[in-house]
Structures are given as C-alpha cells and as structure tokens.
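Here is a short briefing on one protein model. It covers a helix, the charged pairs and a loop residue.

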Amino acid sequence: MERYLMIARSVTQAQRMVRVLEQNGIFCRWFKAPTALSSSGCGYAVTLEEKYLSKAPALLEANGLIPLRIYKKVNDGYEEVSS
C-alpha cells in the first residue's frame, strides 16, 4: 500500500485538512512532518493512501486548503510528486 504525505503550513491547516478529507470519506491522519520535508523544521503533514490521491487535492482546494507539497513514501525517504 503506497502512502503519500501532504505538507501543511501549520498544525491548524493540517487539522482542517484532515477534517475536510474525513468528512468526504477519506481516512487520513496528521502528524509532525519529517524534518527533511519541512523547510523550517516545524511543519506538519497529512498522510493518506494512494487510492485517495486523485480526489484529495481537489477537495482541499475547494475548501481553501492547498498543501505546500505532496510526497510519496519510498524505501529510504520521500519523493515529491506533482499535485
């Protein structure tokens, strides 16, 4: 199962992203982003399964919650993907 991380600019944005996604049937969770993925070292991320990746960004954008970046979890780290 592929996992993806959507980087949020704050804990509040991450919490709001999770709320919107879960209200639309997408299981996800927020957590402190790995330091390698946040420019300031204090970012937050929302993780979700690949099957939701085609739907999630549009739902978030419709609610004014645009992720800073989206990454795919790979064996030894993360790979940025286009949204």
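Buried means under 20% relative accessible area, exposed means over 50%, and partly exposed lies in between. The model is predicted. By that cut-off, glutamine 13 counts as buried, because its relative accessibility is 3%. Three salt bridges turn up in a search of the whole structure.

**Helix α1**

- Helix α1 runs over residues 11–23 and has 13 residues. From first C-alpha to last it reaches 18 Å, close to the 18 Å expected at 1.5 Å a residue.
- Its buried residues are Gln13, Ala14, Met17, Val18, Val20 and Leu21. They sit on the same side of α1, because they cover an arc of only 165° around the axis.
- The cover over these buried residues includes three strands, β1 (3–8), β2 (28–32) and β3 (44–49). Helix α2 (56–62) is also part of that cover.
- Glycine 25 follows α1. Its phi is positive, near 80°.

**Glutamine 13**

- Glutamine 13 belongs to helix α1.
- Which residues does glutamine 13 contact, leaving aside neighbours within four places in sequence? They are Ala8, Leu65 and Ile66.

**Salt bridge between lysine 72 and glutamate 2**

- Opposite charges on side chains can pair when the charged atoms come close.
- Lysine 72 and glutamate 2 form a salt bridge through their side chains, at 3.6 Å from N to O. Lysine 72 is in strand β4 (residues 70–74) and glutamate 2 is in the segment before β1, so the pair ties together parts 70 residues apart in sequence.
- Lysine 72 counts as partly exposed, at 23% relative accessibility. Glutamate 2 is also partly exposed, with a relative accessible area of 31%.

**Salt bridges of glutamate 49**

- The side chain of glutamate 49 meets that of arginine 3 in a salt bridge, at 3.9 Å from N to O. Glutamate 49 is in strand β3 and arginine 3 is in strand β1, so this pair ties together parts 46 residues apart in sequence.
- Glutamate 49 also forms a salt bridge with lysine 51, at 3.6 Å from N to O.
- Is lysine 51 buried or exposed? Lysine 51 is exposed, because its relative accessible area is 58%.
- Arginine 3 is partly exposed, with a relative accessible area of 23%.
- Glutamate 49 counts as buried, because its relative accessibility is 19%.

**Leucine 37**

- Where is leucine 37? Leucine 37 lies in the loop between β2 and β3.
- Leucine 37 is buried, because its relative accessible area is 6%.
- Not counting residues up to four places away in sequence, leucine 37 touches Leu5, Ile7, Arg69, Tyr71 and Tyr78.
- The C-alpha atoms of leucine 37 and isoleucine 7 are separated by 7.9 Å. Along the chain, these two residues are 30 residues apart.

Conventions. Residues numbered from 1 in each chain as written. Heavy atoms only, no water. Helix = DSSP H or I, 4+ residues; strand = E, 2+ residues; numbered from the N terminus. Expected span 1.5 Å × (residues − 1). Buried < 20%, exposed > 50% of the residue type's maximum accessible area, 1.4 Å probe, protein only. Arc of directions from axis to C-beta. Contact = heavy atoms within 4.5 Å. Salt bridge = Lys/Arg side-chain N within 4 Å of Asp/Glu carboxyl O.
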